[in-house]
Amino acid sequence: MQPSKILQVKLAGDHAPGVLPADATAFCVFTDEPRLPLGANLDDATRRTIEDLLRAGEFKGEADDAAIIHTPDAGTPHGARRVLLVGLGSHGDFCPAALRRAAGVAVRRAREARVKHLQLMLPDVAESNASELARVVAEGARLGFYENDFYQQHDADDQPTLEHFTLVARAPGDHFLRVALERARIVAEAANWARTLADEPGASLPPREFARRAAEMAAEFGLTVETLEAGEIRERGMGSLWGVGQGSDEPPALIVVRYEPEGASADDELWAFVGKGITFDTGGISLKPAQGMEEMKSDMAGGAAALGALRAVAELKLKRRVVAVVPAAENMPSGRALKPGDIVRTLAGHTIEVVDTDAEGRLVLVDGIAYARALGASRIVDLATLTGSIIVALGDHRTGLFSNDDEWAARVAAAAARAGEPAWRMPVSDDYKKKIESPIADFKNYGGRPDAIAAALLLSKFAADTPWVHLDIAATSWHEEAQPHAPAGATGTGVRTLVELVRG
Ligand code: BES
Ligand code: MN
Ligand code: ZN
């Protein structure tokens, strides 16, 4: 596997040229007046060229649109001979998330055009502060730069060329701008790290390798890691996690990574991020259909996001004790696999009848949640590619949010909105309890539709009275097709939400 490349992001002023000459300058364009940001520092010839193009309706400024114009005679005041127009939609729809995405679109379009050094003029939008805008642009650029071509050979002349990204701002020396850019780097690199794991094929990321990668990251970022191996999982009574892993030749693992801020004391609040870590989900004996099964290599995206969040929280030195708990297993059919009708005994003591071995995520999570509570977690967020049902309910533009605590739910939803990873609250209520009632065990793991709600209700029984939020990211963690701002594959969803949540 080749290491992924890093995009260098720098700041420059809108009068002094950047350190390196850029070969393209990007401008954000709105669909309504003023089409070009008022502050856009353009020479007359370039401005005329762009205005002609806009007047002709050749470029409308719609979100996700981008166009490249060659301006060999005029050039821009910054020396670039190409202009990249990026659509931002209408002023009324403007939000930092739209700008983050536009920066990603710009980077991908520039790379396609073999631009080596792209500079983007920070738009000044009324009522938005420059450091917030700079941060989302820098995040979007790095997220947009992500590729999952680790296993692909490139000819020498087909190597990605984009290496530098300069953000051109009014006051590049501004302290807040520099801080914002550093925060963007940390968060986007953590999200891309999580994406790398979720894009990794199942064969190269079984639970033990997942744990090794977590430990490697933990060592780099000063986190402590403790991984429980298969034997310990069984001995400590995590029969549910053990059960899911038992059909595989690859043993399960419980990955626990802790962050203790400087000066923290043991009675400070401890938050737990519990992430589903199914490194491949075949469905087990309740085998999945072949079509689309390859996507199930990313069934540990929730676990990767929890770990990615810890990485960023540590690098940002945020003041909150946090632990990531990732129950990891490979869900395989075999002579040793769980069978429909089997009953597992969970760490919390409740038994669960396994009606469908493909409803394995909830089985590993209930032990992860119970373990987090045993560690003393006072608040929990779990993230899981849990159900096809949430894809039916919300599609891929909203993560499903379930909770037993209105205040905690509102905090997580607000963090998700700020992060540009919107979540939509769904019910958790005993109205639905028939779906998880078993005649022979305390619960069953599947009872028909609506399954996303039933799964959440089962998890809630294990969160008990601890404030808990469950994020069902089955749809939002993965792009089936390439997007203007992202390749097909893992999105890293959850990392930004959790970091926002810890920042408060
Ligand atoms: N990992 C899947 C959910 C999933 C489906 C994630 C599609 C991403 C894309 C989960 O383990 C699963 O198999 N859920 C089943 C449960 C059902 C068979 C009880 C589902 O939702 O179909
Ligand atoms: Mn499954
Ligand atoms: Zn699964």
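Reply: Let's start with a word you'll need: a residue is buried if its relative accessible area is under 20%, exposed if over 50%, and partly exposed in between (1.4 Å probe, protein chains only). Keep in mind that this is a predicted model, where local features need pLDDT of at least 70, side-chain atom pairs need 80 or more, and totals for chains, interfaces and linings use all residues. Residues count from 1 along each chain as written, chains are lettered from A and ligands numbered from 1 in written order, and side-chain values use heavy atoms, with hydrogens and water left out.

Now find strand β2, residues 24–29. (Strands are DSSP E runs of at least two residues, helices are H or I runs of at least four, and both are numbered from the N terminus.) Six of its six residues are buried, so β2 is largely enclosed by the rest of the structure. In a regular strand, side chains alternate between the two faces of the sheet. Here both faces are covered: Ala24, Ala26 and Cys28 are buried on one side, and Thr25, Phe27 and Val29 are buried on the other.

What does β2 pair with? Strands pair when DSSP finds at least two bridges between them. One partner is β4, residues 82–87, joined to β2 in the parallel sense by five bridges; in that pairing, valine 29 faces glycine 87. Another is β5, residues 117–121, which runs parallel to β2 with three bridges between them, and there alanine 26 stands opposite leucine 120.

On to the metals. A donor is an N, O or S atom within 2.8 Å of the metal (3.2 Å for Na, K and Ca), and as water is not among the atoms, sites may look incomplete. The manganese ion (ligand 2) is held by Asp281 (OD), Asp358 (both O and OD) and Glu360 (OE), at 2.1 to 2.2 Å. Those donors are spaced D-x76-D-x1-E along the chain. Aspartate 281 has 3% relative accessibility, so it counts as buried, whereas aspartate 358, at 22%, counts as partly exposed.

And the geometry? The manganese ion (ligand 2) has six donor atoms with angles of 70 to 168°, and its site is irregular.

The zinc donors come from Lys276 (NZ), Asp281 (OD), Asp299 (OD) and Glu360 (OE), at 2.0 to 2.4 Å. Around zinc the six donor atoms subtend angles of 78 to 174°, so the arrangement is octahedral. Along the chain, the spacing reads K-x4-D-x17-D-x60-E. Here too the chain is brought together from far apart: aspartate 299 lies in the loop between β10 and α8 (301–315), and glutamate 360 lies in the loop between β13 and α9, 61 residues apart. Aspartate 299 and glutamate 360 are both buried.

Technical notes:
Four donors count as tetrahedral if all angles lie between 85 and 135 degrees; four count as square planar and six as octahedral if opposite donors are over 155 degrees apart and all others between 65 and 115; anything else is irregular.
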